[in-house]
Amino acid sequence: MNKEMKETLDKVVVYEGWVKQKALKAGNLAFASMFVISVLAIIIQMLLTVDIRLVLGETATALVGGILYASIMVYNGIWDKCLPKSATIWRDFLTSVICTGIFTVIYGICSFRMGATETQVTQLALGFLIGITIVAFIVLRLLAFINRKRNQNSSNIQEKKETSISKAEWTKIYNAQNIVETEQLVEMLKQNGIAAFSQEAGANVAMHGAPGFGIYGVDIFVKTDDAEKAVQLIKEINNQE
């Protein structure tokens with residue numbers, strides 16, 4: 001692949017990644033806006049009526065929507081996308097405390113309006129805050145753990161597929177002594193309609209005894225289907241020499 005084509009493909013990959021990130025941010029913003037509006041509506045009704053039965057439908061809808069959204073994010077491997085582990089732990093903790101704190105205040109107000117004393121309200125609110133914060137944090141960390149495992153499994157599967165495809169499609173047919181010989185043989189194979197490429201032998205390490213000469217030589221690869229024909233061509237050239 002020449003330099004110009006490689007640069008073009010790199011730009012395409014970067015652009016596609018930017019488009020996906022933009023779409024993801026837009027989707028997150030849309031969902032967050034709808035979710036916040038629903039929660040605010042529930043809170044307002046609770047403060048006005050102090051009757052949880054009147055908001056059971058809205059509460060169930062918000063919970064189901066949030067669970068479905070989180071499930072989709074985890075399934076597609078984009079929960080905690082591109083964030084270091086330390087950052088996700090701190091973010092999940094803050095999210096748990098802030099969200100639970102908001103509902104703790106509402107819970108305390110409702111309890112007070114229903115006849116609880118200040119001491120009772122304080123005890124109930126504190127227990128609610130600690131308990132729900134712990135539960136929320138555990139849930140968020142569990143989602144992050146599932147997402148990371150899913151990403152690791154996907155990466156391993158993809159790597160195995162690429163390795164198996166590479167091994168199945170390309171076969172090493174010759175080990176040249178230097179770059180000059182390699183270029184001559186690769187060009188000859190291409191002239192005979194055989195796709196070929198070369199790479200330095202010896203676990204891809206760059207070790208040279210002299211300019212153009214690798215200690216381990218240079219391996220030449222061709223398509224597996226063309227391997228027999230390529231080997232025969234190289235033998236004919238060596239016999240002529």
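**A pocket and a patch**

Helix H1 gives the most to the lining of the second largest pocket, with six residues. The model is predicted. Two elements each give two or more residues to this lining: helix H1 (3-49) and helix H2 (56-75). The pocket holds about 170 Å³ of space.

Which residues line the second largest pocket? They are Phe-31, Met-34, Phe-35, Ser-38, Ala-41, Ile-42, Glu-58, Thr-61, Ala-62 and Gly-65. By class, the lining divides into six nonpolar residues, three polar and one charged.

Take Met-34 from that lining. Its place is in helix H1. Is Met-34 buried or exposed? Met-34 has a relative accessible area of 60%. Exposed means over 50%, so Met-34 counts as exposed. Met-34 and Ala-62 are 28 residues apart along the chain, and their C-alpha atoms are separated by 9.2 Å.

Now turn to the surface. A nonpolar patch is formed there by Trp-90, Phe-93, Leu-94, Val-97, Ile-98, Ile-102 and Phe-103. Together these residues have about 650 Å² of accessible area.

One of the patch residues is Ile-102. Ile-102 sits in helix H3, which covers residues 85-113. Its relative accessible area is 44%. Buried means under 20% and exposed means over 50%, so Ile-102 falls in between and counts as partly exposed. A residue joins a patch with over 30% relative accessible area, so the 44% of Ile-102 passes that cut-off.

Definitions and conventions
Residues numbered from 1 in each chain as written. Predicted model: local features only at pLDDT ≥ 70, side-chain atom pairs only at ≥ 80, totals over all residues. Heavy atoms only, no water. 1 Å grid on protein atoms, 1.4 Å probe; cavity = no way out; pocket = protein on both sides within 12 Å on 5 of 7 lines; lining within 4 Å. Points joined across faces, edges and corners; volume = space filled by probe spheres on them. Helix = DSSP H or I, 4+ residues; strand = E, 2+ residues; numbered from the N terminus. Nonpolar A, V, L, I, M, F, W, Y, C, P; charged D, E, K, R; others polar. Buried < 20%, exposed > 50% of the residue type's maximum accessible area, 1.4 Å probe, protein only. Patch = residues over 30% accessible without salt bridge, like charges linked within 9 Å, V, L, I, M, F, W, Y side chains within 5 Å. Areas by Shrake-Rupley, 256 points an atom, 1.4 Å probe, with all protein chains shown as cover. Salt bridge = Lys/Arg side-chain N within 4 Å of Asp/Glu carboxyl O.
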